Amino acid sequence: MVGIDIIGTGSYIPEFIADNEKFSNFLDTSDEWITTRTGIKERRIMTDKPNYYMGIKAAEKAIGDAKIDPKSIDLILVSSCSPDFFYPSMSCLVQKAVGADNAACFDVNSACTGFISALDIAQKYLLTNQYNTILIVATERLSNHLDYTDRSMCILFGDAAGAAVVKKSDKPYYSMLGASGDEFKALYCKVDYKANCPFHEDEMPFYNGLFDTESKKRYLQSDGHAVYKFAVNAMNNAVRKVMEMGGYTIDDIDLVIPHQANLRIIAKATDMLGIDNSKVYTNIQRFGNVSSACIPVALDELKREGRLRNGMKVCFVGFGAGLTYGAIIAEI
Ligand code: COA
(Lines give C-alpha, C1' and ligand atoms only; values in the text may rest on other atoms or scores of the structure.)
Protein backbone atom coordinates (compact mmCIF):
# COMPACT_ATOMS: atom_id res chain seq x y z
CA MET A 1 0.00 0.00 0.00
CA VAL A 2 1.39 3.41 -0.93
CA GLY A 3 -0.65 6.40 0.09
CA ILE A 4 -0.03 10.11 0.22
CA ASP A 5 1.11 12.69 2.72
CA ILE A 6 -0.21 16.17 2.01
CA ILE A 7 2.74 18.17 3.30
CA GLY A 8 1.59 21.62 2.17
CA THR A 9 -1.49 23.41 0.87
CA GLY A 10 -2.21 26.84 -0.56
CA SER A 11 -4.95 28.76 -2.30
CA TYR A 12 -5.63 32.03 -4.07
CA ILE A 13 -9.01 33.71 -3.95
CA PRO A 14 -9.54 36.82 -6.14
CA GLU A 15 -10.57 39.99 -4.33
CA PHE A 16 -13.64 40.98 -6.37
CA ILE A 17 -16.83 39.69 -4.75
CA ALA A 18 -19.88 39.15 -6.96
CA ASP A 19 -22.72 38.55 -4.51
CA ASN A 20 -26.20 37.47 -5.60
CA GLU A 21 -27.46 41.05 -5.42
CA LYS A 22 -25.01 42.10 -8.16
CA PHE A 23 -26.57 39.53 -10.51
CA SER A 24 -30.07 40.80 -9.84
CA ASN A 25 -28.90 44.21 -11.13
CA PHE A 26 -28.56 42.91 -14.70
CA LEU A 27 -30.51 39.62 -14.74
CA ASP A 28 -34.04 38.53 -13.91
CA THR A 29 -32.90 36.68 -10.78
CA SER A 30 -32.82 37.14 -7.02
CA ASP A 31 -30.75 36.27 -3.97
CA GLU A 32 -33.68 34.16 -2.81
CA TRP A 33 -33.75 32.03 -6.02
CA ILE A 34 -29.99 31.52 -6.16
CA THR A 35 -29.69 30.71 -2.45
CA THR A 36 -32.53 28.20 -2.34
CA ARG A 37 -31.67 26.47 -5.65
CA THR A 38 -27.87 26.37 -5.27
CA GLY A 39 -26.76 27.44 -1.77
CA ILE A 40 -24.48 30.08 -3.31
CA LYS A 41 -24.42 33.56 -1.73
CA GLU A 42 -21.38 34.98 -3.50
CA ARG A 43 -18.46 34.07 -5.75
CA ARG A 44 -15.13 35.70 -6.62
CA ILE A 45 -14.20 36.92 -10.08
CA MET A 46 -10.66 37.50 -11.33
CA THR A 47 -11.01 40.85 -13.06
CA ASP A 48 -7.49 41.84 -14.05
CA LYS A 49 -5.07 38.92 -14.16
CA PRO A 50 -4.78 35.67 -16.12
CA ASN A 51 -5.67 32.27 -14.73
CA TYR A 52 -2.04 31.19 -14.37
CA TYR A 53 -1.44 34.08 -11.94
CA MET A 54 -3.87 32.48 -9.46
CA GLY A 55 -2.25 29.07 -9.96
CA ILE A 56 1.21 30.48 -9.27
CA LYS A 57 0.06 32.25 -6.10
CA ALA A 58 -1.59 29.08 -4.77
CA ALA A 59 1.52 27.04 -5.68
CA GLU A 60 3.86 29.49 -3.89
CA LYS A 61 1.75 29.24 -0.73
CA ALA A 62 1.67 25.42 -0.85
CA ILE A 63 5.46 25.27 -1.32
CA GLY A 64 5.91 27.71 1.59
CA ASP A 65 3.56 25.68 3.76
CA ALA A 66 5.43 22.47 2.91
CA LYS A 67 8.74 24.23 3.72
CA ILE A 68 10.50 22.61 0.76
CA ASP A 69 13.05 23.83 -1.72
CA PRO A 70 11.19 24.19 -5.07
CA LYS A 71 14.13 22.44 -6.71
CA SER A 72 13.15 19.25 -4.86
CA ILE A 73 9.82 19.08 -6.74
CA ASP A 74 9.91 16.20 -9.23
CA LEU A 75 6.60 16.75 -10.99
CA ILE A 76 4.07 19.58 -11.37
CA LEU A 77 0.53 18.67 -12.37
CA VAL A 78 -1.86 21.50 -13.15
CA SER A 79 -5.57 20.83 -13.45
CA SER A 80 -7.47 23.42 -15.44
CA CYS A 81 -10.39 23.39 -17.83
CA SER A 82 -10.00 27.14 -18.33
CA PRO A 83 -6.31 27.49 -19.29
CA ASP A 84 -4.84 30.68 -20.70
CA PHE A 85 -3.07 28.85 -23.52
CA PHE A 86 -3.63 25.69 -25.54
CA TYR A 87 0.10 25.29 -25.11
CA PRO A 88 2.39 25.44 -23.29
CA SER A 89 0.77 23.65 -20.40
CA MET A 90 -0.05 25.79 -17.38
CA SER A 91 2.34 23.62 -15.35
CA CYS A 92 5.31 25.04 -17.30
CA LEU A 93 4.24 28.58 -16.36
CA VAL A 94 3.99 27.53 -12.70
CA GLN A 95 7.39 25.81 -12.92
CA LYS A 96 9.09 28.96 -14.20
CA ALA A 97 7.48 31.19 -11.55
CA VAL A 98 8.24 28.98 -8.54
CA GLY A 99 11.71 27.91 -9.72
CA ALA A 100 11.01 24.17 -9.73
CA ASP A 101 13.78 23.62 -12.26
CA ASN A 102 13.94 19.85 -11.82
CA ALA A 103 10.24 19.15 -12.27
CA ALA A 104 8.52 17.39 -15.13
CA CYS A 105 5.37 19.26 -16.11
CA PHE A 106 2.04 18.42 -17.64
CA ASP A 107 -1.59 19.43 -17.32
CA VAL A 108 -4.69 17.40 -16.56
CA ASN A 109 -8.17 18.21 -17.79
CA SER A 110 -11.09 16.21 -16.51
CA ALA A 111 -12.95 19.46 -15.82
CA CYS A 112 -14.33 19.69 -12.28
CA THR A 113 -13.00 16.19 -11.46
CA GLY A 114 -9.51 17.47 -12.28
CA PHE A 115 -8.01 17.68 -8.79
CA ILE A 116 -9.12 14.14 -8.01
CA SER A 117 -7.60 12.90 -11.30
CA ALA A 118 -4.36 14.80 -10.64
CA LEU A 119 -4.08 13.52 -7.07
CA ASP A 120 -4.61 9.99 -8.32
CA ILE A 121 -1.95 10.42 -11.02
CA ALA A 122 0.40 11.79 -8.35
CA GLN A 123 -0.19 8.74 -6.15
CA LYS A 124 0.58 6.45 -9.11
CA TYR A 125 3.79 8.36 -9.93
CA LEU A 126 4.86 8.23 -6.27
CA LEU A 127 4.47 4.45 -6.42
CA THR A 128 7.29 4.25 -8.97
CA ASN A 129 9.84 5.70 -6.53
CA GLN A 130 11.10 7.83 -9.42
CA TYR A 131 9.08 10.83 -8.22
CA ASN A 132 9.16 11.77 -4.54
CA THR A 133 7.67 15.25 -4.28
CA ILE A 134 4.75 16.35 -6.45
CA LEU A 135 3.07 19.74 -6.67
CA ILE A 136 -0.58 19.68 -7.73
CA VAL A 137 -2.27 22.93 -8.70
CA ALA A 138 -5.89 23.41 -9.72
CA THR A 139 -6.59 26.83 -11.15
CA GLU A 140 -9.81 27.94 -12.79
CA ARG A 141 -11.06 31.15 -14.31
CA LEU A 142 -14.49 30.04 -15.43
CA SER A 143 -15.69 33.64 -15.68
CA ASN A 144 -13.98 33.51 -19.11
CA HIS A 145 -16.39 30.77 -20.20
CA LEU A 146 -19.64 32.26 -19.00
CA ASP A 147 -22.47 33.92 -20.88
CA TYR A 148 -23.52 36.56 -18.37
CA THR A 149 -26.97 36.76 -19.97
CA ASP A 150 -27.66 33.08 -19.17
CA ARG A 151 -29.12 33.28 -15.66
CA SER A 152 -29.24 29.52 -15.13
CA MET A 153 -25.46 29.10 -15.58
CA CYS A 154 -23.55 32.32 -14.87
CA ILE A 155 -24.68 32.44 -11.25
CA LEU A 156 -23.11 29.04 -10.51
CA PHE A 157 -19.39 29.61 -11.11
CA GLY A 158 -16.47 31.61 -9.76
CA ASP A 159 -12.68 31.86 -10.07
CA ALA A 160 -10.02 30.52 -7.69
CA ALA A 161 -6.95 28.30 -7.37
CA GLY A 162 -5.81 25.70 -4.87
CA ALA A 163 -2.60 23.70 -4.55
CA ALA A 164 -1.10 20.84 -2.59
CA VAL A 165 2.36 19.31 -2.24
CA VAL A 166 2.26 15.55 -1.81
CA LYS A 167 4.78 12.90 -0.87
CA LYS A 168 4.58 9.15 -0.48
CA SER A 169 3.36 7.56 2.74
CA ASP A 170 2.56 4.03 3.83
CA LYS A 171 -0.96 4.99 4.85
CA PRO A 172 -4.10 3.56 3.17
CA TYR A 173 -5.27 5.05 -0.13
CA TYR A 174 -8.12 3.90 -2.39
CA SER A 175 -9.38 5.55 -5.55
CA MET A 176 -11.66 5.19 -8.54
CA LEU A 177 -12.08 7.36 -11.62
CA GLY A 178 -14.80 7.04 -14.23
CA ALA A 179 -16.33 8.74 -17.22
CA SER A 180 -19.46 8.71 -19.30
CA GLY A 181 -18.40 10.26 -22.62
CA ASP A 182 -21.83 9.53 -24.06
CA GLU A 183 -23.11 12.43 -22.01
CA PHE A 184 -20.54 15.00 -23.11
CA LYS A 185 -23.20 17.35 -24.47
CA ALA A 186 -24.63 17.77 -20.96
CA LEU A 187 -21.76 20.15 -20.14
CA TYR A 188 -19.23 21.56 -22.56
CA CYS A 189 -17.38 24.65 -23.71
CA LYS A 190 -16.28 24.50 -27.31
CA VAL A 191 -13.07 25.83 -28.85
CA ASP A 192 -14.09 28.27 -31.57
CA TYR A 193 -12.22 26.84 -34.59
CA LYS A 194 -14.98 27.43 -37.15
CA ALA A 195 -13.20 30.29 -38.84
CA ASN A 196 -10.40 27.99 -39.98
CA CYS A 197 -12.37 24.82 -40.58
CA PRO A 198 -12.83 24.11 -44.31
CA PHE A 199 -15.38 21.32 -43.79
CA HIS A 200 -19.10 21.51 -43.41
CA GLU A 201 -20.51 20.13 -40.17
CA ASP A 202 -22.62 17.63 -42.17
CA GLU A 203 -19.36 15.88 -43.02
CA MET A 204 -18.66 15.47 -39.29
CA PRO A 205 -21.93 14.24 -37.79
CA PHE A 206 -20.32 13.64 -34.39
CA TYR A 207 -20.03 17.40 -34.02
CA ASN A 208 -23.47 18.16 -35.34
CA GLY A 209 -24.70 21.44 -33.93
CA LEU A 210 -21.50 22.19 -32.05
CA PHE A 211 -20.04 24.20 -34.92
CA ASP A 212 -22.73 26.80 -34.64
CA THR A 213 -20.68 29.93 -34.05
CA GLU A 214 -23.60 32.11 -33.09
CA SER A 215 -22.18 34.28 -30.34
CA LYS A 216 -23.58 32.30 -27.39
CA LYS A 217 -22.10 29.00 -28.53
CA ARG A 218 -18.59 29.90 -27.47
CA TYR A 219 -19.70 29.93 -23.84
CA LEU A 220 -20.29 27.10 -21.41
CA GLN A 221 -23.35 25.10 -22.48
CA SER A 222 -25.16 22.82 -20.09
CA ASP A 223 -28.25 20.80 -19.44
CA GLY A 224 -28.48 21.57 -15.74
CA HIS A 225 -31.06 18.87 -15.02
CA ALA A 226 -29.02 16.12 -16.71
CA VAL A 227 -25.86 17.16 -14.83
CA TYR A 228 -27.74 17.32 -11.54
CA LYS A 229 -29.09 13.78 -11.94
CA PHE A 230 -25.74 12.39 -13.07
CA ALA A 231 -23.89 14.12 -10.23
CA VAL A 232 -26.01 12.72 -7.41
CA ASN A 233 -25.70 9.14 -8.67
CA ALA A 234 -22.03 9.41 -9.63
CA MET A 235 -21.01 10.78 -6.21
CA ASN A 236 -23.01 8.16 -4.38
CA ASN A 237 -21.64 5.28 -6.50
CA ALA A 238 -18.03 6.50 -6.48
CA VAL A 239 -17.91 6.82 -2.68
CA ARG A 240 -19.53 3.40 -2.23
CA LYS A 241 -16.96 1.88 -4.59
CA VAL A 242 -13.90 3.26 -2.74
CA MET A 243 -15.40 2.35 0.63
CA GLU A 244 -15.81 -1.21 -0.64
CA MET A 245 -12.21 -1.27 -1.92
CA GLY A 246 -10.90 -0.29 1.52
CA GLY A 247 -13.40 -2.36 3.50
CA TYR A 248 -14.75 0.82 5.11
CA THR A 249 -18.23 1.65 6.30
CA ILE A 250 -19.57 5.18 6.21
CA ASP A 251 -18.81 5.54 9.94
CA ASP A 252 -15.09 5.04 9.24
CA ILE A 253 -14.93 8.23 7.15
CA ASP A 254 -13.91 11.29 9.19
CA LEU A 255 -14.34 13.98 6.56
CA VAL A 256 -15.86 14.32 3.10
CA ILE A 257 -14.61 17.08 0.80
CA PRO A 258 -16.99 17.07 -2.17
CA HIS A 259 -16.90 19.04 -5.39
CA GLN A 260 -18.94 22.20 -4.76
CA ALA A 261 -21.42 22.48 -7.65
CA ASN A 262 -24.73 22.84 -5.85
CA LEU A 263 -25.54 22.50 -2.14
CA ARG A 264 -28.61 20.45 -3.08
CA ILE A 265 -26.46 17.97 -5.05
CA ILE A 266 -24.10 17.60 -2.08
CA ALA A 267 -27.01 17.23 0.37
CA LYS A 268 -28.80 14.64 -1.76
CA ALA A 269 -25.69 12.53 -2.45
CA THR A 270 -24.45 12.58 1.15
CA ASP A 271 -27.97 11.83 2.37
CA MET A 272 -28.09 8.74 0.12
CA LEU A 273 -24.76 7.67 1.61
CA GLY A 274 -25.99 8.27 5.15
CA ILE A 275 -23.10 10.57 6.06
CA ASP A 276 -23.53 12.90 8.99
CA ASN A 277 -23.69 16.51 7.77
CA SER A 278 -21.04 17.56 10.27
CA LYS A 279 -18.50 15.46 8.33
CA VAL A 280 -19.19 17.15 5.00
CA TYR A 281 -17.24 20.33 4.23
CA THR A 282 -18.84 23.02 2.09
CA ASN A 283 -17.68 26.46 1.03
CA ILE A 284 -19.90 26.87 -2.06
CA GLN A 285 -21.80 29.58 -0.15
CA ARG A 286 -18.74 31.87 -0.44
CA PHE A 287 -17.07 30.80 -3.69
CA GLY A 288 -19.66 29.11 -5.93
CA ASN A 289 -18.39 26.36 -8.18
CA VAL A 290 -14.69 26.95 -8.90
CA SER A 291 -14.43 23.70 -10.85
CA SER A 292 -11.33 21.63 -10.11
CA ALA A 293 -10.12 24.24 -7.60
CA CYS A 294 -13.04 23.50 -5.23
CA ILE A 295 -11.41 20.58 -3.43
CA PRO A 296 -7.87 22.00 -2.95
CA VAL A 297 -9.28 25.37 -1.83
CA ALA A 298 -11.39 23.51 0.75
CA LEU A 299 -8.38 21.42 1.77
CA ASP A 300 -6.32 24.56 2.32
CA GLU A 301 -9.08 26.18 4.40
CA LEU A 302 -9.40 23.07 6.55
CA LYS A 303 -5.63 22.86 7.05
CA ARG A 304 -5.34 26.50 8.04
CA GLU A 305 -8.24 26.10 10.48
CA GLY A 306 -6.41 23.13 12.08
CA ARG A 307 -9.20 20.75 11.16
CA LEU A 308 -7.00 18.12 9.47
CA ARG A 309 -5.70 15.62 12.00
CA ASN A 310 -3.04 13.03 11.47
CA GLY A 311 -4.59 9.65 10.62
CA MET A 312 -7.94 11.08 9.51
CA LYS A 313 -9.71 9.21 6.72
CA VAL A 314 -10.64 11.86 4.18
CA CYS A 315 -12.91 11.24 1.22
CA PHE A 316 -12.59 13.43 -1.88
CA VAL A 317 -15.44 13.07 -4.36
CA GLY A 318 -16.35 14.95 -7.50
CA PHE A 319 -17.80 15.03 -10.98
CA GLY A 320 -17.64 17.30 -13.98
CA ALA A 321 -17.79 17.78 -17.72
CA GLY A 322 -17.06 14.68 -19.72
CA LEU A 323 -19.02 13.64 -17.88
CA THR A 324 -16.36 12.48 -15.43
CA TYR A 325 -16.42 11.44 -11.81
CA GLY A 326 -14.13 10.05 -9.16
CA ALA A 327 -13.51 9.47 -5.48
CA ILE A 328 -10.51 8.93 -3.23
CA ILE A 329 -10.35 7.81 0.38
CA ALA A 330 -6.95 8.62 1.82
CA GLU A 331 -5.67 8.43 5.35
CA ILE A 332 -3.75 11.65 5.70
N1 COA B 1 -32.89 33.10 -11.31
C2 COA B 1 -34.22 32.98 -11.40
N3 COA B 1 -34.82 32.00 -12.09
C4 COA B 1 -34.02 31.13 -12.74
C5 COA B 1 -32.62 31.21 -12.69
C6 COA B 1 -32.05 32.26 -11.95
N7 COA B 1 -30.72 32.42 -11.83
N8 COA B 1 -32.11 30.19 -13.42
C9 COA B 1 -33.14 29.49 -13.91
N10 COA B 1 -34.30 30.06 -13.50
C11 COA B 1 -35.68 29.65 -13.78
C12 COA B 1 -35.79 28.78 -15.00
O13 COA B 1 -35.85 29.59 -16.17
C14 COA B 1 -37.08 28.06 -14.74
O15 COA B 1 -38.15 28.91 -15.06
P16 COA B 1 -39.47 28.32 -15.76
O17 COA B 1 -40.02 27.35 -14.77
O18 COA B 1 -40.30 29.54 -15.95
O19 COA B 1 -38.98 27.69 -17.02
C20 COA B 1 -37.08 27.88 -13.22
O21 COA B 1 -36.14 28.84 -12.71
C22 COA B 1 -36.68 26.50 -12.75
O23 COA B 1 -35.51 26.15 -13.44
P24 COA B 1 -34.83 24.77 -13.22
O25 COA B 1 -33.75 24.59 -14.27
O26 COA B 1 -35.88 23.68 -13.12
O27 COA B 1 -34.17 24.94 -11.78
P28 COA B 1 -33.37 23.88 -10.97
O29 COA B 1 -33.97 23.79 -9.62
O30 COA B 1 -33.15 22.60 -11.71
O31 COA B 1 -31.95 24.56 -10.82
C32 COA B 1 -29.69 24.51 -11.67
C33 COA B 1 -31.15 24.82 -11.98
C34 COA B 1 -28.85 24.87 -12.90
C35 COA B 1 -29.26 25.38 -10.49
C36 COA B 1 -29.56 23.02 -11.31
O37 COA B 1 -30.17 22.21 -12.29
C38 COA B 1 -28.12 22.59 -11.16
O39 COA B 1 -27.42 23.00 -10.25
N40 COA B 1 -27.64 21.71 -12.05
C41 COA B 1 -26.24 21.32 -12.06
C42 COA B 1 -25.46 22.33 -12.85
C43 COA B 1 -24.00 22.23 -12.51
O44 COA B 1 -23.60 22.24 -11.39
N45 COA B 1 -23.13 22.18 -13.52
C46 COA B 1 -21.73 22.13 -13.32
C47 COA B 1 -21.31 20.82 -12.75
S48 COA B 1 -19.60 20.66 -12.52
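I started with Arg-37: an N or O atom of its side chain is 2.7 Å from an oxygen atom of the ligand. I'm calling that a polar contact, meaning a pair of N or O atoms within 3.5 Å. This is a predicted model, so I noted that local features need pLDDT of at least 70 and side-chain atom pairs count only at pLDDT 80 or more, while totals for chains, interfaces and linings use all residues. Residues are numbered from 1 along each chain as its sequence is written, and side-chain values use heavy atoms, with hydrogens and water left out.

Next I checked Asn-262, which has a polar side-chain atom 2.7 Å from a ligand oxygen. For His-225, the distance from a side-chain N or O atom to an oxygen of the ligand is 3.0 Å. Then I looked up the cover: of the 960 Å² of accessible area that the ligand has on its own, the protein covers 75% (Shrake-Rupley method, 1.4 Å probe).

**The shell.** How many residues surround the ligand? I got 22, and the closest include Thr-29 and Arg-151 (a residue is near if one of its heavy atoms lies within 4 Å). By type, I listed 10 nonpolar, eight polar and four charged residues in this shell. Here Ala, Val, Leu, Ile, Met, Phe, Trp, Tyr, Cys and Pro count as nonpolar, Asp, Glu, Lys and Arg as charged, and the others, Gly among them, as polar.

I found the ligand in the second largest pocket. A pocket is an open set of points on a 1 Å grid over the protein atoms alone, where a 1.4 Å probe fits, with protein on both sides within 12 Å along at least five of seven lines; to sit there, a molecule needs more than half of its atoms within 2 Å of the grid points. The elements giving two or more residues to the shell are α2 (31-38) and α6 (224-246) (DSSP runs numbered from the N terminus: helices are H or I, at least four residues, and strands are E, at least two). The largest share, four residues, comes from α6. Domain 1 (3-170) and domain 2 (174-183 + 220-331) each give the shell at least three residues; the bounds come from an automatic or database assignment.

I noted a cis peptide bond from Tyr-87 to Pro-88, omega near 5°, with Pro-88 in the loop between β4 (75-79) and α4 (90-98). Gly-322 and Leu-323 are also joined by a cis peptide bond, omega about -10°. Leu-323 is in the loop between β12 (313-320) and β13 (324-331).

Conventions:
A polar contact is a pair of N or O atoms within 3.5 Å; within protein, one must be able to donate a hydrogen and the other to accept it, and residues adjacent in sequence count only if both atoms are side-chain atoms. On a 1 Å grid over the protein atoms alone, a cavity is a set of points where a 1.4 Å probe fits but cannot get out, and a pocket is an open set with protein on both sides within 12 Å along at least five of seven lines; lining residues have an atom within 4 Å of a point.
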